[in-house]
Amino acid sequence: MTSAGGQPWGWMGVMLPLILAAFLHQSFATVATPTPAQTTAVPHKDPGRPDRGKYNVTNSNNTVCLMAYMGLQLNITYNSTSQNKTVQEVVNINPNATLASGSCDADRALLELKTDANKTVLTFVFTQNTTTSTYHLSEASLTSVLGLKEGNFSAKNSSLDFLQGALGYSYMCRMEQTLTVTQNLSINTFQVQLQPFGVSGSAFGAAVECQLDEDDMLIPIIVGAALAGLVLIVLLAYLIGRKRSHAGYQTI
């Protein structure tokens, strides 16, 4: 004859699935994917994810001095004369209809992208800091012909600090980022890899990933470690309960 406490298997079989299910639900409900800090208002029309394009700049020796492989999307806000209201347009840069050019100096590299039959010109300027052995996007500008009734759109900012990388390495960021240039212009970047300085041959240097990518990889590691800890706790509780149930056996 046994004591009433001698049934640990029944208790564990019911409680373990319930505990794991509750923990998983809470984890994925509270852990959110990191989003860029600087964003503009949600546009009324979404053209979808842009295609990635390869954009290279060659120097006077006809060797590649700047390389970029990325998807680009423009968020433009302007006052429409014909519609008599503020309009926000979202435009994907089509790499198949875009011409890349530019220049490379000792501490400054320029990438100019002309698209839409040269009606839209997007310019990036990268500068390097030899003291910190880093580089970053310091300037971006856009000029675009909106139409006969709307005129031209123009925006520029020469005080940016985006896409920071290490000299001798390429910058990589798989996550979508929003680069706020001015109040009326922001640029969404997708799956970026670029190297504006120290290009060797026609291949990117070793990549240094952005903080957004590192945070995105860290989340499943944290959740997995928490789950492993929970399973260990439940297993220890079961073993302790089983030991006590064996101690409670009584012979009549």
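Because the model is predicted, local features need pLDDT of at least 70 and side-chain atom pairs count only at pLDDT 80 or more, while totals for chains, interfaces and linings use all residues. Residues are numbered from 1 along each chain as its sequence is written, and side-chain values use heavy atoms, with hydrogens and water left out.

The chain has two helices and 13 strands; helices (H or I, at least four residues) and strands (E, at least two) are DSSP runs, numbered from the N terminus. Of the 252 residues in the chain, 34% are buried. Here buried means under 20% relative accessible area, exposed means over 50%, and partly exposed lies in between (1.4 Å probe, protein chains only). The chain exposes about 14,900 Å², and carbon and sulfur atoms supply 55% of that area; accessible areas come from the Shrake-Rupley method with a 1.4 Å probe, and for residues only the protein chains shown count as cover. Among contacts (heavy atoms within 4.5 Å) between residues at least 6 apart in sequence, 56% join residues at least 24 apart.

Strand β2 (residues 64–80) runs antiparallel to β1, and seven bridges join the two; strands are taken to pair if DSSP finds at least two bridges between them. Opposite Val-57 stands Leu-66 of β2. The hairpin of β1 and β2 has five residues between the strands, and in this hairpin Asn-62 takes a positive phi near 65 degrees.

Lys-54, in strand β1, counts as exposed because its relative accessibility is 67%. Leaving aside neighbours within four places in sequence, Lys-54 is in contact with Ala-68 and Tyr-69. The C-alpha atoms of Lys-54 and Thr-98 are separated by 9.9 Å, although the two residues are 44 apart along the chain. Thr-98 has Thr-115 in β5 as its bridge partner. Seven bridges join strand β4 (residues 98–104) to strand β5 (residues 108–115), and the two run antiparallel. The hairpin from β4 to β5 passes through three residues.

Gln-193, in strand β12 (residues 185–195), counts as buried because its relative accessibility is 14%. Beyond neighbours within four places in sequence, the contacts of Gln-193 include Met-67, Tyr-69, Met-172 and Phe-204. The side chains of Gln-193 and Ser-170 are joined by a polar contact of 3.1 Å; such a contact is a pair of N or O atoms within 3.5 Å, where within protein one must be able to donate a hydrogen and the other to accept it, and residues adjacent in sequence count only if both atoms are side-chain atoms. Lys-149 sits in the loop between β7 (134–147) and β8 (151–157), and with 68% relative accessibility Lys-149 counts as exposed. Lys-149 and Thr-81 lie 68 residues apart in sequence and 6.9 Å apart in space, C-alpha to C-alpha.

The structure holds three salt bridges, each a side-chain nitrogen of Lys or Arg within 4 Å of a carboxyl oxygen of Asp or Glu. One joins the side chains of Glu-112 and Lys-114 (3.9 Å, N to O). Another is formed by Glu-139 and Lys-156, whose closest N and O atoms are 3.8 Å apart. This pair links distant parts of the chain, with Glu-139 in strand β7 and Lys-156 in strand β8, 17 residues apart. Glu-139 counts as buried at 16% relative accessibility, whereas Lys-156 is exposed at 54%. In a further salt bridge, the side chains of Glu-209 and Arg-174 meet at 2.8 Å, N to O. Here too distant parts of the chain are linked, with Glu-209 in strand β13 (residues 207–209) and Arg-174 in the loop between β10 (170–173) and β11 (177–182), 35 residues apart.

Finally, Leu-232, Leu-235, Leu-236 and Leu-239 make a nonpolar surface patch of about 360 Å². Patches are made of residues with over 30% relative accessible area and no salt bridge, with like charges joined within 9 Å and nonpolar side chains (Val, Leu, Ile, Met, Phe, Trp, Tyr) within 5 Å. Leu-232 lies in helix α2 (residues 211–247).
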